[in-house]
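Have the structure open while you read.

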Amino acid sequence: MINSIEFRLRGAGVVPNTLDQFIFSRSSIFFRWLLVFVAILSTFPGYACTAERPNVLFLISDDLNNSLSCYGHPLVKTPNLDKLAERGVRFERAYCQFPLCGPSRNSMLTGLHPNTTGILRNSQIFRQTIPSHHSLPQAFRLEGYFAGRIGKLYHYNVPKSIGTNGHDDPGSWELELNPAGCDRLEEEPHIFSLKPGQFGGTLSWYASPKSDQYHTDGLLAADAEWVLERCARRSDRPFFLAVGFYRPHTPYVSPKPYFDRYPEKEMPVVQGVKEDQADLPSPALGSYKKEQDKLTDELRRQCVQAYYASTTFMDAQVGRVLDALDRLGLAENTIIVFTSDHGYHLGEHGLWQKMSVFEESARVPLIIAAPKMGKKGGVAKDPVGLIDLYPTLAELCGVKTPENLQGQSLVPMLKDPSATGRGWAVTQVSRWSNKRQGARFFGYSLRTPRWRYTEWAQGKQGRELYDHDADPRELKNLAGKSAYVETIAQLSMQLRKAVNQTFPASGETPELQPAMWAPNLTNP
Ligand SMILES: [Ca+2]
Ligand SMILES: [Ca+2]
C-alpha cells in the first residue's frame, strides 16, 4: 500500500532524489508500513466497541482568509466549501488566537492560548514547553481512534519543508503523509517573487501549466482518498483524519485555468490607504514588509488574482476529499471541520499577508458539519475561536479532554446556530520593541458581536476601536474620540479579563526548555 503512494509520487514524476530518499528511506518505509498496518488493518481487542462513534475529517487550509463565496465574497468561487456550508453550520465570526502559522496551530491543536502553550513564534512545538499535554488528535488516539495526518497541521516552512514532516508532533498521529508536488520540486525557478529567490515569506506567484494532480494539494487529496478507502473497510475503528492543504499560502502556485477565472484587470485594488492609515498607532501597521514598497497597481492585481486562483484550486481539492467521503458511505457518520490557521491581508490598510489583528488577518473561515445535528446551512454569529475546536470535537465524539482546556464547546451553536456562547474572541500578536535584543510587546484584540477593540502594550503603544455595525472595514479608529470614552473603558476591562484567561493557572507563560527534544525534521 505504501508502495502505491510511492508509485503515485514517482509516477507523477515529482519526487527527486533527496526528498525521495528521506520520505522512503530505510527505516522510514518500514516504519510507515508498520504504522499503516497497525493503524488500519490490525484489530484492537482492548478497545471498546466504537462502531457508532463518529469519525472526524479535519480539513485546514493555510493562510486562507474569508474571501469565499459562502462568506459572501463577490468574486471568489468556492463551490465545494459552499456545498459543505449547506450541510453544516458556518461560523460568521470565527477568529484565530495568533495570526501566524506556528502559534495558531499549536494553540488550536492543544486547546490552549499561545500564552499557555508558550509557542509564540514559528518553528517550535508545544512538546518543548508543555511536553505532557495531550494534543487534540492524541486525545482521540488515546480513546482508540486511528489518527492520521496528511500535509500541514503543525507548523511547516512553506514551501521549503513541503515533503518533510515540518515541525510536527509525532505523538499526535499514527500515520503521516508528506507529498510534494511540482510547485515545490520543479517550478520554483519560474515563480515571480518580490524578493527574487524567496517564496514563502514574501509575495510570490506562478500560473502553472501542470494540472491539479501534479501539485502538492492535488497529491494531498489523492492521499486522503487512499486513506479514506482503507478506513471505510474498517468500520470497527473510528478515525480522526487531518488534511492540511498548503494553498493559498505563498507562493501562490496553482494551475493556470484557475488564474483564467479571475481576469487580472478585474481584480480589486484597495483605495484610500493613506487616509485610512492616518488614525492608526504604528504597531497596527507593524506587519508591513519593506519589499512591498515595490508593489505597483499592476502587481497588486496580479497578486490578488493569484491568491484567488489558489483559493479556488484548494477548494477543488477539498471537493475531491468530500466526494470520496460521500462515495465511500462515510459521510453519515463523519464530522467535517473546515478552517484556516489565520486570515490574510490583500492590501487593506496598506497591509499584505498576516501578523496583524485587523479583521482580515484575525478572522478565519470555519464550517462544521456534524451529521444529524441542527439545521443544515445554519449561520452562527456569536464570536468564536479556533481555541474552541478541541472541546467541541471531543464533546461530539465523547472523548476525554485535559482539564485545562481554555476554549468553549460549540455544540450548543451546532444544535442551534442562534445560541450564544462566550460572546467574544481574543487574538494576540507580537511586535519587536528592540529586535536585536529580542525585546517585544503584545497587541491584544477583542472582538465582540459589535466591536473590535485593540490595545498595544496595554495601551502604552496605542489603542484602536472599530464599530462593525457602522464600519465593517475598520477604517475609522474611534479610540481617540471623546464620545467613546465609556465604551473604551468597558471594553478595556473586558479585554483585560479575557487576556487573563489566556494564561495558565500559574500566570506564567512556559519557557522553551532547552533540553527538550527540538524538532529538526525539516531539512533532512
Ligand atoms: Ca498560515
Ligand atoms: Ca483608519
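Where does A457 sit? The place to look is the loop between β19 (451-456) and β20 (463-467).

Before the points, some ground rules: this is a predicted model, where local features need pLDDT of at least 70, side-chain atom pairs count only at pLDDT 80 or more, and totals for chains, interfaces and linings use all residues. Residues are numbered from 1 along each chain as its sequence is written, chains are lettered from A and ligands numbered from 1 in the order in which they are written, and side-chain values use heavy atoms, with hydrogens and water left out.

1. Start with A457. This residue is not a glycine, yet its phi is positive, about 50 degrees. A457 counts as buried because its relative accessibility is 10% (buried means under 20% relative accessible area, exposed over 50%, partly exposed in between, with a 1.4 Å probe and protein chains only).

2. Next, S123. Here too phi is positive, near 65 degrees, in a residue other than glycine. S123 belongs to the loop between α6 (114-117) and α7 (136-142). Helices here are DSSP runs of H or I with at least four residues, strands are E runs of at least two, and both are numbered from the N terminus. At 33% relative accessibility, S123 is classed as partly exposed.

3. Now the prolines. The R247 to P248 peptide bond is cis, omega near 10 degrees, and P248 is in the loop between β8 (239-244) and β9 (252-255). T250 and P251 are also joined by a cis peptide bond, with omega about -10 degrees; P251 is in the loop between β8 and β9.

4. Why flag these? Most residues other than glycine have a negative phi, and most peptide bonds are trans.
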